[in-house]
Amino acid sequence: MRRVLKDIGSIYIHCDWHASHYIKCEMDKIFGYDNFQNEFIWYYGGGGASKERWGRKHDVILFYTKGKEWTFNIDAVRIPHKWTDGQKRADGSKRDYDKGKIPDDVFIHHSVMPWGGEKIGYPTQKPEELLEQIIKASSNKGDFVADFFMGGGTTCAVAQELNRKFIGCDISRVASSVTLNRLIRDAEQISGRTASINIDKKDKPLSLELTIKEIPDIRVYYMGVYPIEKFEFIGQKEFEDFILTSYESRRFTGEGEITGVMNAATSVLIGSVKPNESIPEARLKKFVEDILKLRYQENIRMKLKVIAWVFPPSLQRYAKVLENYFFKKNLAVEIELIPINSQLFRKRILEHYQDTSKSEFLLKFISQPSIMDIVYKKVSGLKYKFEAVGARSNNIDGYLINCQWDFNFAGGKFGESEFALMREQKDGKYVAILKAEKEFEKLGRYIVACRVQDNLGGETIKTKGVEIK
Ligand SMILES: C[S@@+](CC[C@H](N)C(=O)[O-])C[C@H]1O[C@@H](n2cnc3c(N)ncnc32)[C@H](O)[C@@H]1O
């Protein structure tokens, strides 16, 4: 973060009392002891308190700058004086009443209340006023504001409101969804225009992009989680290049079935880009024949790496047959079948793309969850019950963690914050609530959309035309 920060930029780190002091030591090391500017206190008061110790009612926000000069717009954050106009200082001079007071490092504001319009239901949501104060002081219009742990997206929403550009990141797909809903809703309010969302089907597998036209562009990238279905839309050659690069191999330029070569001993065969297509036995056989004909060397153990999405049992058996043949003929050849969604393959990619090496858990090939149908039933008047039936995760160890609804769906956007976080805690984890009740304002035909997310980053949307009568 320090590297990408502008020389006159600032960074605010917010953490509760469990870790704040450890983080300060790390920040002193990274940003420099002398660049520590404030220990900013957010005092929220309220709520219950223990009788065994002082009430824990504040959080600490550490404010560091990158260098010795930084943006600090004091006039943008002055607060009105409490004393009355005309009051004099001790030396008799008149006070500058109009300008307001320079704020100190204690910010008093209650937490986000469930009944306030600001509440979007994301745990740990920060009050917009707190972010407003920080963003106004430490940036100018047009500057970039980034929150790398954006949660419910308060920082991005306030930055958008204050005409700053923004970047938000979060490890959680639910956080991204909630933030996107909120940003689109706010952007529509600010611009008075409706968003139209355009999802380009030919997206590259490494970044999904969602562009909202009409209102300022918001792009969403899903990094590290590669939805398997997206591979349908890229070409075979591009797919092979991705894998060859991951294996530090070069394309084999000769005739035949060898896709690439790593070194004198190691050759690669890559299967189809289509996640459901396996390599035909005849192709594997031809690959082996080509190796023996074109690349076999007496005193080197030849390694044949076969990389594909799926290896059905019949192909695995066939590979064993080939290996028996090598054994009988005394040929030093071994075959390794590498499924793309295996730890082995992921390890390879991570070794190659060094900058992600610490985040192996981030790199996943996942299938989208599915929803069989949306069923609904009238409760009374304009009130209807909805359920996403047969909704499930399609990933190993996957389960649905959230469900979102839009009862008047207009092409991609989930506008109803009330239905953005439909989940409950069970055995210490969030699981999706797949039922919802909605009271419509008037009769008519609506497109109802349901979106579910699973714990592994998969997400899917199902829509249904519904007649409210
Ligand atoms: C305290 S919340 C952030 C609240 C947010 N700043 C706001 O104002 O509403 C912390 C967020 O960090 C995310 N998170 C945790 N570990 C992360 C990681 N390694 N990378 C990115 N995000 C992470 C969590 O999913 C969670 O949404």
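Helices α6 and α7 cross in a right-handed manner; a crossing is right-handed if the near helix is turned clockwise from the far one by less than a right angle, and left-handed if anticlockwise. Helices here are DSSP runs of H or I with at least four residues, strands are runs of E with at least two, and both are numbered from the N terminus. The model is a predicted one, in which local features need pLDDT of at least 70 and side-chain atom pairs count only at pLDDT 80 or more, while totals for chains, interfaces and linings use all residues. Residues are numbered from 1 along each chain as its sequence is written.

Helix α6 spans residues 281-294 and packs against α7 at an angle of about 25°, with the axes 10 Å apart. Axes are lines fitted to C-alpha atoms, for helices over the stretch in contact, and angles run from 0 to 180 degrees between N-to-C directions. The two helices α6 and α7 are therefore roughly parallel (under 35 degrees; over 145 is roughly antiparallel, 65 to 115 roughly perpendicular, and the rest oblique). On the α6 side, E281, L284 and V288 meet L315, Y318, A319 and L322 of α7, a contact being two C-beta atoms, placed from the backbone, within 7 Å. This contact of α6 with α7 holds 6 nonpolar residues, no polar ones and 1 charged. Nonpolar covers Ala, Val, Leu, Ile, Met, Phe, Trp, Tyr, Cys and Pro; charged covers Asp, Glu, Lys and Arg; the others, Gly among them, are polar.

A second pair is formed by α2 (residues 128-138) and α3 (residues 154-161), whose axes lie 9 Å apart at an angle of about 60°. Helices α2 and α3 are therefore oblique to each other, and their crossing is right-handed. Here E128, L131, E132 and I135 of α2 meet T154, T155, V158 and A159 of α3. By class, 4 nonpolar, 2 polar and 2 charged residues make up the contact of α2 with α3.

Turning to the backbone, most residues other than glycine have a negative phi. N330, however, has a positive phi near 60°. N330 sits in the loop between α7 (313-328) and β14 (333-339), and it counts as exposed because 6 C-beta neighbours lie inside 10 Å (exposed means 12 or fewer other C-beta atoms within 10 Å, buried 20 or more, and partly exposed in between, with C-beta atoms placed from the backbone). D427 also has a positive phi, near 50°. The loop between β19 (423-426) and β20 (429-432) holds D427, which is exposed, with 5 other C-beta atoms within 10 Å.
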